[in-house]
Amino acid sequence: MLNIVNKSPLDRGSLDSCLQAAEGGAILLIEDGVYGATKGSAGEAKLKAAGGKFKLYALGADAEARGIADRMMDGVTLVDYTGFVDLVAEYKTCQSWL
Amino acid sequence: MTIKKFMFVNRKAPYGTVYALESLEVVLIAAAFEQDVSLAFLDDGVYQLKKGHSTKGIEMKAFEKTYGALDDYDVNKLYVDQESLAARGLTTDDLCVPVEVMSRAALGKLIEDQDVVLSF
């Protein structure tokens, strides 16, 4: 399953819910969700703790807008809007953790 | 005109919601009325000051430059919560404008000392 998270992990519990409930697959961070994968942040620790359970992606345009594209933790692939569509097509189902 | 102490408390990340931009609009209005304006940044609000915003990809107006222009309006009291920076892996080197970093408790005292508090 493709899990989409669009909220900052220090503002809302969306990333926590996703990491606790989702079985695996991929996590795509978009909008304020991209803060979750910044180096040295609380979100990074949570994503690392989830180990290799998920493939990690973040929307490049959202990371660039927030000035953090060069601060992404290791193991996160930045995708563009086409890559976003490809991910939605690749996975059978999609859950947005709004 | 009576000059009052206005504090703008910013707690939201930029772009994901409209709070940050709206706060700036009201800050400029208060400054135009020559009020004693301060800005506090805590929680995800500290992300507003992260330098290097490039918003072409999301087709939104980047307002990073507005923070740099605040000094032209004699708005130069910007306070940032140390704990909020640390939790996000940020230091003052990552910020686009000079700020005064302080503890959450000190920030609370500062907010208490205001005539008007506006929350964003």
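**Before the close-ups.** Two strands pair if DSSP finds at least two bridges between them. Helices (H or I, at least four residues) and strands (E, at least two) are DSSP runs, numbered from the N terminus. The model shown is predicted: local features need pLDDT of at least 70, side-chain atom pairs count only at pLDDT 80 or more, and totals for chains, interfaces and linings use all residues. Residues are numbered from 1 along each chain as its sequence is written, while chains are lettered from A and ligands numbered from 1 in the order in which they are written.

**View 1. The open sheet of chain B has five strands.** Follow the order E4-E3-E2-E1-E5 of chain B and you will find parallel pairing. Strand E4 (100–102) and strand E5 (116–119) of chain B are at the edges with a single partner strand each, so one side of each has no neighbour in the sheet. From one strand to the next the twist averages 25°; angles like this run from 0 to 180 degrees between N-to-C directions, with axes being lines fitted to C-alpha atoms, for helices over the stretch in contact. As a reminder, strands of a sheet pair through backbone hydrogen bonds, either parallel or antiparallel.

**View 2. Strand E1 of chain B pairs with E2(B) and with E5(B).** Six bridges link E1(B) with E2(B), and the two run parallel. Look for B:Phe8, which has B:Leu39 of E2(B) opposite. E1(B), residues 5–10, is also joined to E5(B) in the parallel sense, over four bridges; here B:Val9 faces B:Ser119 of E5(B). How many of the six residues of E1(B) are buried? Five are, so E1(B) is largely enclosed by the rest of the structure. A residue is buried if 20 or more other C-beta atoms lie within 10 Å of its own, exposed if 12 or fewer, and partly exposed in between, with C-beta atoms placed from the backbone.

View 3. Two residues are in contact if their C-beta atoms, placed from the backbone, lie within 7 Å.

**View 4. Helix H1 of chain B has a buried side and exposed residues on the face turned away from it.** Which residues of H1(B) are buried? They are B:Ala20, B:Ser23, B:Leu24 and B:Val27. These residues cover an arc of only 100° around the axis, which puts them on the same side of H1(B); the arc is that of the directions from the helix axis to the C-beta atoms. An α-helix has 3.6 residues a turn, so residues three or four places apart point the same way. The buried residues of H1(B) pack against E1, E2 and helix H2 (64–69) of chain B. On the face turned away, spot the exposed residues B:Glu25, B:Ile29 and B:Ala32.

**View 5. B:Ala30 sits in helix H1 of chain B.** With 19 other C-beta atoms within 10 Å, B:Ala30 is partly exposed. Apart from neighbours within four places in sequence, B:Ala30 is in contact with B:Phe6, B:Gln35 and B:Val37. The C-alpha atoms of B:Ala30 and B:Met1 are separated by 12 Å, and these residues are 29 residues apart along the chain.

**View 6. B:Glu34, B:Asp43 and B:Asp74 have positive phi values.** Most residues other than glycine have a negative phi, and most peptide bonds are trans. B:Glu34, with phi near 55°, follows H1(B). B:Asp43 has phi near 50° and lies in the loop between E2 and H2 of chain B. Is B:Asp43 buried or exposed? B:Asp43 counts as buried, because it has 20 C-beta neighbours inside 10 Å. B:Asp74, with phi of about 60°, is in the loop between H2 and E3 of chain B; 12 C-beta neighbours inside 10 Å make B:Asp74 count as exposed.

**View 7. Chain A has an open sheet of five strands.** The order in chain A is E4-E3-E2-E1-E5, with parallel pairing. Its edge strands are E4 (76–79) and E5 (94–97) of chain A, each pairing on one side only. Strand E1 (residues 2–5) of chain A pairs with E5(A) in the parallel sense over four bridges, and A:Val5 stands opposite A:Trp97 in E5(A).
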